[in-house]
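Please look through the sequence and the three-dimensional picture shown here before reading on.

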Amino acid sequence: MKKFITTFSIAAGLFLTSNMVSAQQKIGHVNSDDIFTNLPEAKTAEGSLDTFTKTKQGEIEKMITSYQTKLKAAQDKEKTISEANKETVIKELTAAQTELQTLGKDIETSRTKAAQEISKKQTELFTPIQKKVSAMIATVAKEKGLAYVFDIAPSQGNSQVAYMDGGEDITPTVKSKLGAIGTASKPASK
């Protein structure tokens, strides 16, 4: 009986020890902003998005210029009103007002459409890169045996890390494996 109790005690001790060891999971952190800032693909995508955005802004600015030109013409026409041409000028001003209202609506519609197109383009350009970065973060985390990885990037807002003393920064490894260039990531402040 004493042998059974001793064997049981040893087995229970081993079981509890193994549970305590598995409860001490490794934690790491990554700075996704640092990765994206130094990733050539992200820089290329950012350039493409900037070009696309400038094109859309140029289209809207042309519409605004046209609106302003027609508005000035209507204001100048209004100054020429006299008793002799009153009826003709009022008809022209009414037509100009209708045209200006239509142009104003077209400008707002174009702004809304451009914002949607820019958002769609951003998603189209950056989603594959984000997926690639996420996959590499997961790969590196698995290689290093990390149970949790927190993103400490400032753009992520509150990264849900109230305090960090240590943990493994996997940003340089992820950057290296993705071919990102640039400075090393800065550790998060405690």
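Which residues does V133 touch, not counting residues up to four places away in sequence? With that exclusion, V133 touches I35, F36, L39 and L178, where contact means heavy atoms within 4.5 Å. The model is a predicted one, in which local features need pLDDT of at least 70 and side-chain atom pairs count only at pLDDT 80 or more, whereas totals for chains, interfaces and linings use all residues. Residues are numbered from 1 along each chain as its sequence is written, and side-chain values use heavy atoms, with hydrogens and water left out.

## The nonpolar cores

V133 is among the residues with the most contacts inside the largest nonpolar core, together with L39, I170, V174 and L178, and this core has 20 residues. A nonpolar core is a set of buried Ala, Val, Leu, Ile, Met, Phe, Trp, Tyr and Cys residues joined through side-chain atoms within 4.5 Å, and buried means under 20% relative accessible area, exposed over 50%, and partly exposed in between (1.4 Å probe, protein chains only). At least two residues of this core are supplied by each of helix 3, helix 4 and helix 5, and the largest share, nine residues, comes from helix 4. Helices (H or I, at least four residues) and strands (E, at least two) are DSSP runs, numbered from the N terminus. There is also a second, separate core of five residues, which includes A74, V89, L93 and A96.

## Helix 5 and its buried side

In helix 5, which spans residues 171-178, the buried residues are T171, V174, K175 and L178. These residues lie on the same side of helix 5 because they cover an arc of only 100° around the axis, the arc being that of the directions from the helix axis to the C-beta atoms. They pack against strand 1, helix 2 (32-38), helix 3 (40-79), helix 4 (86-143) and strand 3.

Is S176 buried or exposed? S176, which is found in helix 5, is exposed, because its relative accessible area is 57%. From C-alpha to C-alpha, S176 and I35 are 9.3 Å apart in space, although 141 residues separate them in sequence. After helix 5 comes G179, whose phi is positive, near 80°.

## The sheet and a loop beside it

Strands of a sheet pair through backbone hydrogen bonds, either parallel or antiparallel. Here three strands form an open sheet in the order 2-1-3, and the pairing is parallel; two strands count as paired if DSSP finds at least two bridges between them. Strand 2 (146-151) and strand 3 (168-169) are the edge strands, each pairing on one side only. Strand 1 (residues 26-30) is joined to strand 3 by two bridges, and H29 has D169 in strand 3 as its bridge partner.

In the loop between strand 2 and strand 3 lies P154, which counts as exposed because its relative accessibility is 64%. P154 touches N31 and D33, again not counting residues up to four places away in sequence, and the C-alpha atoms of P154 and D33 are 7.4 Å apart even though the two residues are 121 apart in sequence.

## Salt bridges between helices

A salt bridge is a side-chain nitrogen of Lys or Arg within 4 Å of a carboxyl oxygen of Asp or Glu, and by this rule the count comes to 12 salt bridges.

| Pair | N to O distance |
|---|---|
| K132 and E41 | 2.8 Å |
| K70 and E99 | 2.5 Å |
| E143 and K177 | 2.8 Å |

Since K132 lies in helix 4 and E41 in helix 3, their pair ties together parts that are 91 residues apart in sequence. K132 is partly exposed at 37% relative accessible area, and E41 is partly exposed at 30%. K70 in helix 3 and E99 in helix 4 likewise tie together parts that are 29 residues apart in sequence; K70 is partly exposed at 33% relative accessibility, and E99 is partly exposed at 37%. The pair of E143 in helix 4 and K177 in helix 5 links distant parts of the chain, 34 residues apart, and K177 is partly exposed, with a relative accessible area of 39%. Finally, K56, E59, K113 and E117 are linked in a network of salt bridges.
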